[in-house]
Amino acid sequence: MKKKSIITRVLTVIALSLLLSATSVASKTSVVAAYTPDMSNGADNFYKSNKVTMKKVEFKNQYNMNVVGNLFIPKGLKKNTKNPAIIVGHPMGAVKEQSANLYAQKMAEQGFVTLSFDLSFWGESEGQSRNAVSPDIYAEDFSAAVDFLGTRPFVDRDRIGVIGICGSGSFAISAAKIDPRLKAIATVSMYDMGAANRNGLKHSQTLEQRKKTLEEAAEQRYVEFTGGKTKYTSGTVHELNENTDPIQREFYDFYRTPRGEFTPKSSSPELTTHPTLTSNVKFMNFYPFADIETISPRPMLFITGENAHSREFSEDAYKLAAEPKELYIVPGAGHVDLYDRVNLIPFDKLESFFKENLKKK
């Protein structure tokens, strides 16, 4: 009887454990299932235009790395004439299918030849290790995009502009400082990736915290040099809880839901948006706004949301830039809102900016 009683107790414990485990899984599943992304204000990241044609293209950057992009051409474009073109760079940690394709198609609808592309180490573009950070190569990719567009027979190489979204805003500025072929520069929800990593938002990171990150990354180099597992950092959280801060919730709503989630073949859902730790510290040596005034007299347009947590970067760039320049604040908009909310994105402003500054002279 005693032996039977012990067996009964063990079986009861196992049954309870299984029940609790199943309940926990069901609870987590219900939380995920219950989450509905905010699709307000016309959120349409995966917009497909019937007014343009798209062609997958590849071109080499100066380091002989293959860069992959989408070329959008307005239907009815006269290919026997020279047309203005716009390069569109995606947010940091994203790929061209996130925000960049939307902007490229909307601008192509206004008569521009447009090109969205994956930065090196991300998406379909080459580069090892995947998700690596290299601000200089990112900037080079923008110049390589100019190389490609400027050699198309239907593009006027003297009328090429650029739109940099989020982190690509700082990479586009970095490129424009040394590449005068970029005739008009617009940024949207720009992140100065150097300042963000050195100082944090609103200078919230201390020097001690910065040094701790550098030490961790330096030690991790030994691990990976000797064959250890690659470590990733920052990016967007994969789960929400009561302690998730509002900024991460904002990114989660885009990157971790059907609103904007996209996993390229070169990655996995676990790794999207996350740069490698050992390379991410290279941003601390990245100063895109140094000498920004030398871009003048080429015009610059800085677009940011009224409520964007990144607004400080557009304001800083505007203060440092020389004329002609403009800071355009979108009422009621946050940072990620300007990735895909068509009703908030000022496409009319972008259209007038580029039509004025890429017109024939």
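How many aromatic pairs does the count come to? The answer is 15 aromatic pairs. Bear in mind that this is a predicted model. Some notes from going through it follow.

1. Phe 171 and Phe 286 sit 5.9 Å apart, centre to centre, with 40 degrees between the planes, which makes the pair tilted. Phe 171 belongs to helix 4, while Phe 286 is in the loop between helix 8 (277-280) and strand 7 (300-305), so this contact ties together parts that are 115 residues apart in sequence. Both Phe 171 and Phe 286 are buried. They also belong to one aromatic cluster, whose members are Tyr 138, Phe 171, Phe 283 and Phe 286.

2. Two lysines are worth a look for anyone who cares about charges over rings. Lys 79 lies over the face of Phe 154, 5.3 Å from the ring centre. Over at Tyr 318, the ring has the charged end of Lys 325 sitting over it, at 4.6 Å from the centre.

3. On to the salt bridges: the count comes to 16. One of them joins the side chains of Arg 341 and Asp 38, at 3.4 Å from N to O. Arg 341 is in the loop between helix 10 (337-340) and helix 11 (347-357), and Asp 38 is in the loop between helix 1 (2-34) and strand 1 (52-60), so this bridge ties together parts 303 residues apart in sequence. The two ends have their own burial values. Arg 341 has 3% relative accessibility and so counts as buried, whereas Asp 38 is partly exposed, at 37%.

4. Arg 181 and Asp 147 make another salt bridge, with the closest N and O atoms 2.7 Å apart. This pair links distant parts of the chain, 34 residues apart: Arg 181 is in the loop between helix 4 (168-178) and strand 6 (182-188), and Asp 147 is in helix 3 (residues 135-150). As for accessibility, Arg 181 is partly exposed, with a relative accessible area of 32%, and Asp 147 is partly exposed too, at 35%.

5. What about Asp 253 and Arg 259? Their salt bridge has its closest N and O atoms 2.6 Å apart. Asp 253 counts as buried because its relative accessibility, 7%, falls under the 20% limit. Arg 259, at 3% relative accessibility, is buried as well. Elsewhere, salt bridges with shared partners join Lys 56, Lys 96, Glu 97, Asp 118 and Glu 124 into one network.

6. Where is Thr 276 placed? It is in the loop between helix 7 (246-255) and helix 8, and with 2% relative accessibility it counts as buried. Its side chain makes a polar contact with the side chain of Ser 279, at 2.4 Å. Leaving aside residues up to four places away in sequence, Thr 276 touches Ser 129, Arg 130, Asn 131, Ala 132, Thr 230, Lys 231, Tyr 232 and Thr 233.

7. Strand 4 (residues 113-117) is mostly covered, with five of its five residues buried. Val 113, Leu 115 and Phe 117 point one way from the strand, Thr 114 and Ser 116 point the other way, and all are buried.

8. Strand 4 has pairing partners in strands 2 and 3. Strand 2 (residues 66-74) runs antiparallel to strand 4 and is joined to it by four bridges; there, Gly 69 has Phe 117 as its bridge partner. Strand 3 runs parallel to strand 4, with five bridges between them, and Ile 87 stands opposite Leu 115 of strand 4.

Note on methods: Residues numbered from 1 in each chain as written. Predicted model: local features only at pLDDT ≥ 70, side-chain atom pairs only at ≥ 80, totals over all residues. Heavy atoms only, no water. Salt bridge = Lys/Arg side-chain N within 4 Å of Asp/Glu carboxyl O. Buried < 20%, exposed > 50% of the residue type's maximum accessible area, 1.4 Å probe, protein only. Phe/Tyr/Trp six-rings, centres within 6.5 Å; stacked < 30°, edge-to-face > 60°. Lys NZ or Arg CZ within 6 Å of the ring centre and 35° of its normal. Polar contact = N/O pair within 3.5 Å; in protein donor to acceptor, adjacent residues only side chain to side chain. Contact = heavy atoms within 4.5 Å. Pairing = 2+ DSSP bridges.
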